[in-house]
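Please examine the sequence and the model shown below.

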Amino acid sequence: MKIGIPKEIKTNENRVSLVPAGAEALAAAGHTVIVETGAGLGSGFSDAQYQAAGAQIGKDADAVWAAADMIVKVKEPIEPEWKRIRRGQVIFTYFHFAANEQLTRAHLTSGAICIAYETVELPSRELPLLTPMSEVAGRMAVQEGAKYLEKLNGGRGILLSGVPGVPPAKVVILGAGVVGVNAAKIAAGMGASVVILDISLERLRYLSDVMPANVQLVFSDRHNLLAQIANADLIIGAVLIHGGVAPKLIRREDLKTMRPGAVIVDVSVDQGGCIETTHPTTHENPTFIVDGVVHYGVANMPGGVPTTSTLALTNATLPYVLKLANKGYRLALKESSALLNGLNIINSKVTHRKVAEAFGMDYLPAESFLD
């Protein structure tokens, strides 16, 4: 199989979907790997390293897309890339279709086979290709939130850890999944007073056994949410609906109950956001202020630490890339229920229920396309 690795062109996206070690593994299995020139530079990998691993270097994006049977990316193809997609071409990347109707319709029109990292799901309900970036984003959320709590950045002028004689900041985390737990670890480690809200009592009981004493676990309902955000310094949105749009937990009118200069970091933004007033931002212009509350909405947070993120992502994705390449997408999907869960679009049809529900589209089970 010919596997294309284009350079990511989303604003300030420096990750790459395959490292030289992955290219070497694919080449050893008999596949042709075509890496767009410069694709790995943002993550510290040169064209020469890919060539030494057995990859070919494509002179530009058009050459890579035109030659490849399967495109492996990090982020969803954006509008300038849509014209390059070929009918029947496999695209394996993060899509987050349920948050973007225009993106969904463009890929339906393209006729591509779209397999989304974020909906590859194991029988245990674990999301193995979303987990590494959720770990990075959760940890970064505290790092970024601490920065924007500084007065010069529009925040309250609060030090997350406090100092002897001065209490620490209060960090409220919405959701106790991978993002939320990783955010809590970092915030607690920095000495903040941390509250995690979640609707799963089972999850809260588990976390009560493993989290440090400065992390409180609170059942998430409307009353408890409002009580916690009223005196929060930093709020981290970490809600995930598998393959679907995040629910809006904090409403516009709720901001008036919050402290001026408080910071919201909505990690759920690439799934539509769990804060009503959030919208996607970029690393160049990461924040905006609504009703005195600083909002951070960067949709590709891990792109800010591309070396760490690329290695973490490709550690998880390479086995699935090899499976798709070695067996072809049809057999790979038949043999792997996890990969089958990742199939979102095929033959211009939506095969993920949450995506179809988001836009009132017809849904057809993925299995029906594999006979």
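Which residues does F92 touch, not counting residues up to four places away in sequence? With contact taken as heavy atoms within 4.5 Å, F92 touches I71, V72, K73, I115, Y117, V120, L129, T317, Y320, V321, L324 and L339. The model is predicted, local features need pLDDT of at least 70, side-chain atom pairs count only at pLDDT 80 or more, and totals for chains, interfaces and linings use all residues. Residues are numbered from 1 along each chain as its sequence is written, and side-chain values use heavy atoms, with hydrogens and water left out.

F92, V194 and I236 touch the most other members of the largest nonpolar core, which has 81 residues. Such a core is a set of buried Ala, Val, Leu, Ile, Met, Phe, Trp, Tyr and Cys residues joined through side-chain atoms within 4.5 Å; buried means under 20% relative accessible area with a 1.4 Å probe, protein chains only. Helix α10 (residues 306-335) contributes the most to this core, with 10 residues; helices are DSSP runs of H or I with at least four residues, strands are runs of E with at least two, and both are numbered from the N terminus. A second, separate core of 22 residues includes I34, I71, I345 and M361.

In helix α5 (residues 101-110), L103, T104, A106, H107, L108 and S110 are buried. These buried residues pack against several elements, among them β5 (90-93) and α12 (353-359). After α5 comes G111, with a positive phi near 80 degrees.

Strand β1 (residues 2-5) pairs in the parallel sense with β2 (residues 32-36) over four bridges, pairing requiring at least two DSSP bridges. K2 stands opposite T32 in β2. Two bridges also join β1 to the parallel strand β4 (residues 70-72), where M70 is the bridge partner of I3.

Key
Buried means under 20% relative accessible area, exposed over 50%, partly exposed in between (1.4 Å probe, protein chains only).
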